[in-house]
Amino acid sequence: MSMILIKKELYYFYQDFEKDSEILIEKLRPLKESFDGVWGPPIGGVFLAGVLCYGLGLPFLLEPKSYRTLIVDDIIDSGKTLERFYGVNFIVSLFYNPSSPVVPSEYCHRKGKGCKWVVFPWAKNDKPKVAT
């Protein structure tokens with residue numbers, strides 16, 4: 001199955017994630033020596049970070065180490081999550097919202113104007129519950 005847009009929600013499936021991860025690994029492989037590891041913010045960035053660290057043979061980092069850390073996330077929408085890394089680190093995302101002030105170094109898909117929300121398989125269409 002491939003991505004489906006229903007009522008302005010884009011459903012992204014594990015098969016899409018596998019394909020996009022392989023594309024990113026191939027694009028990043030020539031650059032792998034310039035990275036000291038891979039870090040992604042919880043929750044969405046952890047999935048991509050895990051796949052890229054295995055695919056590139058880089059360490060999975062619990063926090064960014066330096067400007068050489070590869071920063072990844074499932075989507076750059078408002079840009080707030082990754083704004084502190086913009087202009088410092090190499091940033092990779094599966095989706096990128098062109099209206100975001102943070103522009104990734106590499107990405108797979110632009111979030112289109114007709115798409116209000118991307119539903120990732122690890123999110124199951126609801127926002128994560130945060131422990132207080």
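Helix axes here are lines fitted to C-alpha atoms over the stretch in contact, and angles run from 0 to 180 degrees between N-to-C directions. Helices (H or I, at least four residues) and strands (E, at least two) are DSSP runs, numbered from the N terminus. What you have open is a predicted model, where local features need pLDDT of at least 70 and side-chain atom pairs count only at pLDDT 80 or more, while totals for chains, interfaces and linings use all residues. Residues are numbered from 1 along each chain as its sequence is written, and side-chain values use heavy atoms, with hydrogens and water left out.

**Stop one: two helices**

Select residues 14-28, helix α1, and residues 44-56, helix α2: their axes lie 10 Å apart, at an angle of about 50°. That makes α1 and α2 oblique to each other (roughly parallel is under 35 degrees, roughly antiparallel over 145, roughly perpendicular 65 to 115, and oblique is the rest).

Now show the side chains where they meet. From α1 come Phe 17, Ser 21, Leu 24, Ile 25 and Leu 28; from α2 come Phe 47, Leu 48, Val 51, Leu 52, Gly 55 and Leu 56 (contact means heavy atoms within 4.5 Å). Sort the residues of this contact and you get nine nonpolar, two polar and no charged (Ala, Val, Leu, Ile, Met, Phe, Trp, Tyr, Cys and Pro count as nonpolar, Asp, Glu, Lys and Arg as charged, and the others, Gly among them, as polar).

**Stop two: Ser 21**

Stay in α1 and click on Ser 21. It is buried, with a relative accessible area of 2% (buried is under 20%, exposed over 50%, partly exposed in between, using a 1.4 Å probe and protein chains only). Leaving aside residues up to four places away in sequence, Ser 21 touches Leu 48, Val 51 and Leu 52.

**Stop three: the rings**

Next, colour the aromatics. Rings of Phe, Tyr and Trp (its six-membered ring) pair if their centres lie within 6.5 Å; planes under 30 degrees apart are stacked, over 60 edge-to-face, and the rest tilted. The count comes to ten aromatic pairs.

Pick Tyr 96 and Tyr 107, a tilted pair at 5.0 Å centre to centre with 50° between the planes. Tyr 96 sits in strand β5 (residues 91-96) and Tyr 107 in strand β6 (residues 106-110), eleven residues apart. Tyr 96 is buried at 6%, whereas Tyr 107 is partly exposed at 24%.

Then move to Phe 120 and Trp 122, which are stacked: 5.2 Å centre to centre, 10° between the planes. Phe 120 is buried at 4%, and Trp 122 counts as buried at 14%.

Finish by selecting Tyr 12, Tyr 14, Phe 17, Phe 47, Phe 95, Phe 120 and Trp 122, a cluster linked by ring pairs.
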